[in-house]
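Let us walk through a protein model piece by piece. Keep the sequence and the 3D view side by side as you read.

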Amino acid sequence: MGIHISPLTAFDTFNLFAFVKKWNKCHNLNGKVNNDYTILCTTYNSSIPLKNIEFLNRYREKVIICDDRSNNQDFLNYLNQLEKEGYRIVRNGEKKFIKWEYLKKILEFPSRELALKKGLEIVETNFTIFLDDDSIPEDDLGKAVAILEEQDADIS
């Protein structure tokens, strides 16, 4: 018997550090741009169109939309259309089942973690940006990536 700890748990824990002032550094964008990144955007029966689709259109060749087993046919048709328009789409079709009934009910539902894992498997860039389907950053993501590279940051 073992315990499964999500790799995203470490990422979520790291977010708590953002509230500790001595560990929180803010860097101003310096105008440099680094285009060596991929955007992983999670969806699950989201609105049509995605709330951030206009933003994502600027980065289409860098975007992987990670769907965690949506079941709304209209939304699935929308994802198919996005794929025809040049977006890469990964679909999580897996279900997990285990012996214990109370955990079985939780694990049989779609998992964003599994969808992101499938997306990460095809990332070929040095930097990965995770966005929800309603996140709209204020500036060019390449500028933020340039700061990460300049600061030799592992996570931001």
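Start with Cys41, which is buried, with a relative accessible area of 0%. Buried means under 20% relative accessible area, exposed means over 50%, and partly exposed lies in between (1.4 Å probe, protein chains only). The model is predicted, so local features need pLDDT of at least 70 and side-chain atom pairs count only at pLDDT 80 or more, while totals for chains, interfaces and linings use all residues. Residues are numbered from 1 along each chain as its sequence is written, and side-chain values use heavy atoms, with hydrogens and water left out.

Is Cys66 buried or exposed? At 0% relative accessibility, Cys66 counts as buried. How far is the sulfur of Cys66 from the closest cysteine sulfur? The distance to the sulfur in Cys41 is 7.9 Å, too far for a bond. A disulfide is a pair of cysteine sulfur atoms within 2.5 Å. A search of the whole structure finds zero disulfides.

Now turn to a helix. Helices (H or I, at least four residues) and strands (E, at least two) are DSSP runs, numbered from the N terminus. Helix α3 covers residues 73-84, which makes 12 residues. From first C-alpha to last, α3 reaches 17 Å, close to the 16 Å expected at 1.5 Å a residue. That expected span is 1.5 Å times one less than the number of residues.

Which residues of α3 are buried? They are Phe75, Tyr78, Leu79 and Leu82. Seen down the axis of α3, its buried residues fall within an arc of 100°, so they line one face of the helix. The arc is that of the directions from the helix axis to the C-beta atoms. On the other side of α3, Asp74 and Lys84 are exposed. The buried residues of α3 pack against β1 (37-43), α2 (53-57), β2 (63-67) and β3 (88-91). Contact here means heavy atoms within 4.5 Å.

Look at the two ends of α3. At its start, a side-chain oxygen of Asn72 comes to within 2.8 Å of the backbone nitrogen of Asp74. After α3 comes Gly86, whose phi is positive, near 110°.

Next, look for charged pairs. Side chains of opposite charge can pair when their charged atoms come close. A salt bridge is a side-chain nitrogen of Lys or Arg within 4 Å of a carboxyl oxygen of Asp or Glu. How many does a search of the whole structure find? It finds four salt bridges.

One of them joins Lys32 and Glu150, with the closest N and O atoms 3.4 Å apart. This pair links distant parts of the chain, 118 residues apart. Lys32 sits in the loop between α1 (7-17) and β1, and Glu150 in helix α6 (residues 141-150). Glu150 counts as partly exposed, at 42% relative accessibility.

Glu83 and Arg91 also meet through their side chains in a salt bridge (3.4 Å, N to O). Glu83 is partly exposed at 38% relative accessibility. Arg91 is partly exposed too, with a relative accessible area of 32%. Lys143 and Asp139 form another salt bridge (3.6 Å, N to O). Lys143 is partly exposed at 25%, and Asp139 is partly exposed at 35%.

Finish at Ser135, in the loop between β4 (127-132) and α6. Ser135 counts as partly exposed, at 24% relative accessibility. Ser135 and Leu50 are 85 residues apart in sequence and 9.9 Å apart in space, C-alpha to C-alpha.

Technical notes
Polar contact = N/O pair within 3.5 Å; in protein donor to acceptor, adjacent residues only side chain to side chain.
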